[in-house]
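The sequence and structure come first.

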Amino acid sequence: MTTATLGSAVRSGFQRWQFWLLLLVLGLLSVMLVQAMAEEDMDRYGLENTSLDGYAALAQVLADQGVTLHPAASAQTAEELMQEHPEAALVVLSRGDVPDEEFLAQLREGSDRPVVLLDESAQLVSALFLEGEVSYAGAHAGGGPAEEATLDAGEQCPLPGAVDARDLRAPGALFYSEDPGCFTGFEDGAGPAQALVETPAGLLFGAPEAFSNHDITEAGNAALALALFGEREDLIWYTPMGLDAMGAEGWASPVDLLPGWVIPLAWWLLLCALVLMLVVGRRPGPVVGEPLPVRVPGAETAEGRGRMYQSANAVEASAQTLRSAHLIRLARLLRLGSAPDESSVLEAAARQVRRDPAEVAGLFAQRPRNNAELVGYAQALASLEQDAERAVLTVHTRARNVPAQPDHPPGPASDSPADLRSDVQQNPPPNTQPDSQQGKNRSND
């Protein structure tokens, strides 16, 4: 197989299977997108996040202690879990977002279950304590020398678990509270600024970084985590999202809920599509001026039409063209006139090649269904035409070899030139040459 033939076969195969190839590519892209969306938890303080800012270590320790975690990504899910597990403890972890007003109202009313509020900023405190009974005091850096970074539980601490943990080492927020708390960062005219305080809504802890994979082993952080979260067998872990803080009239655009990499990926795909369209639609070369009239050989026209049929997989149209071309040539070969009907041509051809007329009619009635059958069909038609040509040539040859019969009785021989010309004119030799027109227009057919 030559390189040109191989290239043509590849192009033909690609055009034939391009829809399925496009479908396969889209399927692969979908799988890749699903895999990208189903990647491991990378959220900060995520319970399955194994990076330094994750809570995977804490979740594993709690699981080893027999605590079952019930993650909730919305207030509705948290409420359903609270109804399903009435004895479970509740943790509300704020990463900048706060629950909706209805859920905040439930927290203000208090609950019989243990509630721990984790917030390293002022958002949750400001939204939950509207009258200022608890307020944000400032941040604790948690760095520098160990003495400055570590906060002692303090003698005023009323929580046994925090007293047992003794100290805390992690950055976070400090709060003012009317009630005594633990882990005092500083004290000013407003009172002590503490990392863990008791509130009507539950325990408020301002250093969730202490329970991350990076800091869980520092000072008494692990002991404090077990004291706060290991009290009950079931623990509902509610992490408010931005959607919870929106009211019924404040729905965000769906675009705002998509991951950050979706928009750049969409622009990248759009740019690739534009480049692909430019490449596919480009002109192969400069415009070539050609003087008119243009003479196109019939063979090129026939070849071009054949390539179009092949590219379009037009088997039926190709078979019909072959039948019409062979009928026209057979009619010329057999000298059946200018417009014979199909049945007359088939009957004459069958007589000429000494075949069964039904066989010849059946050959022209066949309908190939694919390219392989079309090739065999074309060969059968060509064989019939070649047989007809040989039969016609045989008839002409026999007619030439038959001696001419004299129209008058034999007389005395005459060898004069006048007598010879007269004899030729009265008995012309039979036409032994095949019809020169029978080979014409084949390329056009």
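Buried means under 20% relative accessible area, exposed means over 50%, and partly exposed lies in between (1.4 Å probe, protein chains only). At 1% relative accessibility, A88 therefore counts as buried.

The model is predicted, and local features need pLDDT of at least 70, side-chain atom pairs count only at pLDDT 80 or more, and totals for chains, interfaces and linings use all residues. Residues are numbered from 1 along each chain as its sequence is written, and side-chain values use heavy atoms, with hydrogens and water left out.

**Overall make-up**

The chain has 445 residues, of which 30% are buried. It holds 15 helices and 11 strands; these are DSSP runs numbered from the N terminus, helices being H or I of at least four residues and strands E of at least two. Contact means heavy atoms within 4.5 Å. Among contacts between residues at least 6 apart in sequence, 64% join residues at least 24 apart.

**A88**

A88 sits in the loop between α3 (75-84) and β2 (89-94). Leaving aside neighbours within four places in sequence, A88 is in contact with R113, D234, L235 and I236. The C-alpha atoms of A88 and E231 are 9.2 Å apart, although the two residues are 143 apart in sequence.

**Two helix contacts**

Axes are lines fitted to C-alpha atoms, for helices over the stretch in contact, and angles run from 0 to 180 degrees between N-to-C directions. Angles under 35 degrees count as roughly parallel, over 145 as roughly antiparallel, 65 to 115 as roughly perpendicular and the rest as oblique.

| Helices | Axis distance | Angle |
|---|---|---|
| α2 (residues 56-64) and α8 (residues 221-229) | within 11 Å | roughly 60° |
| α12 (residues 342-353) and α13 (residues 357-365) | 8 Å | about 130° |

α2 and α8 are therefore oblique to each other. L58, V61 and L62 of α2 meet A225, L226 and F229 of α8. The residues of this contact divide into six nonpolar, no polar and no charged, where Ala, Val, Leu, Ile, Met, Phe, Trp, Tyr, Cys and Pro count as nonpolar, Asp, Glu, Lys and Arg as charged, and the others, Gly among them, as polar.

α12 and α13 are likewise oblique to each other. On α12 the contact uses E342, L346 and A350, and on α13 it uses P357, V360, A361 and F364. By class, the contact of α12 with α13 has six nonpolar, no polar and one charged residues.

**Aromatic pairs**

Rings of Phe, Tyr and Trp (its six-membered ring) pair if their centres lie within 6.5 Å; planes under 30 degrees apart count as stacked, over 60 as edge-to-face and the rest as tilted. The count comes to seven aromatic pairs. One of them, Y136 with F175, is edge-to-face, at 6.3 Å centre to centre and 70° between the planes. Y136 lies in strand β4 (residues 134-140) and F175 in strand β7 (residues 172-177), so this pair ties together parts that are 39 residues apart in sequence. Y136 is partly exposed, with a relative accessible area of 34%, whereas F175 counts as buried at 0% relative accessibility.

The ring centres of F205 and F211 are 5.2 Å apart and the planes are at 25°, so this pair is stacked. Both F205 and F211 are buried. One aromatic cluster is formed by Y45, Y55, F205, F211, F229 and W237.
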